[in-house]
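Student: I would like to go through some terms used for protein models. Can we take them one at a time?

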Amino acid sequence: MRADANDDVVLTSPPALGPLYARAVVPRRGGWPSLGERAVVVETTADPGAVAAYARVCGLGVTDALPVTYPHVLAFAAQVHLMVTQPFPFPLLGLVHVRQRITALRPIALDEPLRVRVWAADLAAHPKGATVDLHAEVTAGCETVWTGTSRYLRRGADASGLPAAGGDELPVPEGPAVGTWPLGGDTGRRYARVSGDVNPIHLSALTARPLGFTRPIAHGMFTMARTLAALGPRALAPVTAQVAFGAPVLLPATLALVVDEQDVGGGVDVAVRSGSMKRVHLSGSVRPV
């Protein structure tokens with residue numbers, strides 16, 4: 001780890017998330033600080049075996065390019081490092097991922113050296129507390145090839161004096177399901193192995209219970225990746241995909257996909273519902289860039 005000319009924290013490999021989650025359990029002395037200004041940078045090249053394992057778990061095809069959602073795996077590790085080791089206004093455990101936006105500007109080859117830069121910004125008021133955005137930019141050489149924004153909610157946080165956050169909801173298409181897929185009770189553990197995201201809320205009933213759930217819940221980014229996999233070529237780079245996460249997916253579960261083809265621009269609106277179609281777990285849009 002070092003600091004570069006911009007005072008960014010530079011890591012030579014993605015940090016292991018297990019020790020960071022363990023560190024996050026211990027309250028910070030002196031309480032939680034305000035938002036810091038430093039960014040965290042990871043210089044890395046994706047491991048083809050790890051990418052293939054991720055693709056299999058998410059139902060994606062294995063190709064010579066990174067899945068559109070995979071750079072988020074690299075960025076997420078840096079984001080957790082930032083939230084745990086740098087000034088950050090909220091404890092990591094208990095944050096709720098409410099929205100994700102990804103723009104893949106072109107396919108990224110498996111062997112491309114990448115620079116992943118993440119930073120936090122945009123504290124805002126939310127009807128249920130306060131939100132913060134974690135931004136990510138992936139560059140190959142001097143070219144930006146991928147960007148992402150993850151919005152997290154801290155329920156009950158004091159949002160006095162903060163501007164209002166933009167709406168977290170996206171249009172929810174209606175209609176019959178175009179496909180369904182069952183998720184086993186081990187889905188959270190399987191995704192944790194390939195993504196590194198070992199947040200205990202996803203792993204078992206025993207570890208999810210202290211966080212308010214009787215059963216483990218699926219990772220939101222797994223649900224997003226599985227949705228894009230179902231869309232096939234329509235969700236390949238260059239593309240922008242944005243989703244709002246709704247009701248948590250309690251595992252095991254059966255999910256149903258609703259797709260609304262858009263007449264202009266060739267994009268689609270999507271919703272992921274419960275098998276009964278009564279609950280919306282994800283809503284979003286996918287548009288070519």
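Student: Which side chain meets arginine 151 in a salt bridge?

Tutor: In this predicted model, the partner of arginine 151 is aspartate 133, at 2.8 Å from N to O.

Student: Why is the pair of arginine 151 and aspartate 133 called a salt bridge?

Tutor: The rule asks for a side-chain nitrogen of Lys or Arg within 4 Å of a carboxyl oxygen of Asp or Glu. The N to O value for arginine 151 and aspartate 133 is 2.8 Å, so the pair meets the rule.

Student: What makes this pair a tie between parts of the chain?

Tutor: Arginine 151 lies in strand S7 and aspartate 133 in strand S6, so parts 18 residues apart in sequence are tied together.

Student: Is arginine 151 buried or exposed, and how do you know?

Tutor: Buried means under 20% relative accessible area. Arginine 151 has 16%, so it counts as buried. Aspartate 133, at 5%, counts as buried too.

Student: Which residues are joined into one network by shared partners?

Tutor: Arg106, Glu112 and Glu143 are joined by their salt bridges. Arginine 106 pairs with glutamate 112 at 2.9 Å and with glutamate 143 at 3.1 Å.

Technical notes: Residues numbered from 1 in each chain as written. Predicted model: local features only at pLDDT ≥ 70, side-chain atom pairs only at ≥ 80, totals over all residues. Heavy atoms only, no water. Helix = DSSP H or I, 4+ residues; strand = E, 2+ residues; numbered from the N terminus. Buried < 20%, exposed > 50% of the residue type's maximum accessible area, 1.4 Å probe, protein only.
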